[in-house]
Amino acid sequence: MSSVSTTTIDQHIDTVLAPVADLFTQIIFYSISINSIDIPLIVLWLIIAAFSFTCYFGFLNITGLKHSVKIIKGDYSSPHDQGEVSHFQALTTALSGTVGLGNIAGVAIAISIGGPGATFWMMLAGLMGMSAKFLECALGVKYRQIDNKGIVRGGPMYYLSAGLSDLGHKKLGKGLAIFFAICCMTASLCGSNMLQANQAYSQFMVAFAQDSSFWQNRGWLFGLILATIIAVVIIGGIKNIAKVTSKIVPLMATIYLISALFIIFYHFEKVPSAFYLIFTEAFNPQGVVGGLIGVMIQGFKRATFSSEAGVGAAAIAHATARTNEPIREGYVALLEPFIDTVVICTITALVIVITGAYTSVDGVDGVALTSRAFASVIWWFPYLLSIAVLLFAISTMISWAYYGSIAWQYIMGTNKYLDLLYKCIFCTCTVIGASISLNSVIAISDSMFFSMAIANIVGLYMLAPMMKKELFSYNQKYRQ
């Protein structure tokens, strides 16, 4: 196919989706203006929820970390517990859906818009989000459904429907469950699928195809290869997905963190000043539209996209864990925002800040900005970043294909042919995602992703008192 016709395909896809992206953004990110600063209501919704659950559960995000590590080590595991995967596999499957381009592209976007100070608010949002993640994943196990073949289905659709029904709000619960399932399915197809494919292709072009005319404007071909890899994995179900992610997640994290830490140690003398800059600019940002409120919103927005705390999707993966104790899996889930946002996002931000890559954006955004920071130390580091990005993208898409399929099954029923149809649609969206502009991808993915929090957080508020009682009983039992 000629370069001209390929460009026409890519541009046509972008032209079709751009108006859709604008419409979704206007609806989901409806904003109120305070002192000429636009504040999206959905971001406030998430910030208030994260803060509320942190206080309500007595700062479990700090006091529960030690117990979380013990569970991951297998101290309380039993072969007789119900479920499909181990605590570690459930964690890595959920992490593969969060530890990804939100940590690389998302941090770069936050800093390029909100300055270094956005990093501080990302870290704070990650810490507060731990309690929300605990609650939704504990509920995911409590209200999961296990069929006669041992296949587990769980997540917000199930605890919204069954949990609120237990409280006497059957119609409300069912309505919220259907709304969440539709949002989750759409987010799976348009959000955490298309953005990953788009950024993977972007980094591939930066690292491997700068002088190659063949790959120019052939995002669709790159997406087609990526979709084929995804299809091979997701057709096998959660057990196959867990096996793959339990290997990919440690590998990709190791590659990325070793590279990033090398850069940090290379500029070790700049680390204290980088932390100082991050902290001071968090409260006194320079040259940022909206000032303090603007940088806070950017930090919280990208942190939520990275950690997914309050969104509810990770509960679908954690529901499959082998355990008879819902609270125990909630403790496991505490580690997700900590690893994802507090640790990895902070390391990414340090790389961007200490190398000074953020000071001259020049139209470079997303993963390309992080790549520039990597290349400033060793020229071939972007190749390592490209490998990490590709692994991040694949693992994230694998997890979200599973999340979306569970939401699809909740709406359409558990028919294997319909499930296969969904997976084919998912792979088609992978091709589209690699073909369109970053602006359209971010707008669609953000809108659909954040829309899940609307129904999920309503349910969390209503079910939190019940889970607080179960937390108290669980802690009493294990203290004795």
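This is a predicted model: local features need pLDDT of at least 70, side-chain atom pairs count only at pLDDT 80 or more; totals for chains, interfaces and linings use all residues.
Cysteine 427 is in no disulfide, because its nearest cysteine sulfur, which belongs to cysteine 424, is 6.8 Å away, and a pair has to lie within 2.5 Å. Cysteine 427 is buried, with a relative accessible area of 11%, and cysteine 137 is also buried, with a relative accessible area of 0%.

The aromatic rings come next. A search of the whole structure finds 21 aromatic pairs, and one of them joins tyrosine 201 and phenylalanine 222, a tilted pair with 5.6 Å from centre to centre and 50° between the planes. Tyrosine 201 counts as buried at 12% relative accessibility, and phenylalanine 222 is buried with a relative accessible area of 9%.

Tryptophan 408 and tyrosine 422 form another tilted pair, with ring centres 5.4 Å apart and planes at 45°. Tryptophan 408 lies in helix H18 and tyrosine 422 in helix H19 (residues 416-433), so this pair ties together parts that are 14 residues apart in sequence. Tryptophan 408 counts as buried at 11% relative accessibility, while tyrosine 422 is buried with a relative accessible area of 0%.

Beyond these pairs, Phe29, Trp400, Tyr403, Phe449 and Phe450 form one aromatic cluster.

| Lysine | Ring below it | Distance to ring centre |
|---|---|---|
| Lysine 142 | Tyrosine 143 | 5.6 Å |
| Lysine 468 | Tyrosine 56 | 4.2 Å |

In the case of lysine 468, the charged end of the side chain is the part that sits over the ring of tyrosine 56, and lysine 142 lies over the face of tyrosine 143.

The last topic is the surface. Ile178, Ile182, Ile411 and Met412 form a nonpolar patch there, and together they have about 320 Å² of accessible area. Two helices, H9 (170-191) and H18 (381-412), each supply at least two residues of this nonpolar patch. Methionine 412 has its place in helix H18, and at 42% relative accessibility this methionine counts as partly exposed. Helix H18 therefore carries both methionine 412 and tryptophan 408, the partner of tyrosine 422 in helix H19.

How values were computed
Residues are numbered from 1 along each chain as its sequence is written. Side-chain values use heavy atoms; hydrogens and water are left out. Buried means under 20% relative accessible area, exposed over 50%, partly exposed in between (1.4 Å probe, protein chains only). Patches are made of residues with over 30% relative accessible area and no salt bridge: like charges are joined within 9 Å, nonpolar side chains (Val, Leu, Ile, Met, Phe, Trp, Tyr) within 5 Å. Accessible areas come from the Shrake-Rupley method with a 1.4 Å probe; for residues, only the protein chains shown count as cover. A salt bridge is a side-chain nitrogen of Lys or Arg within 4 Å of a carboxyl oxygen of Asp or Glu. Helices (H or I, at least four residues) and strands (E, at least two) are DSSP runs, numbered from the N terminus. Rings of Phe, Tyr and Trp (its six-membered ring) pair if their centres lie within 6.5 Å; planes under 30 degrees apart count as stacked, over 60 as edge-to-face and the rest as tilted. A charge sits over a ring if NZ of Lys or CZ of Arg is within 6 Å of the ring centre and within 35 degrees of the ring normal.
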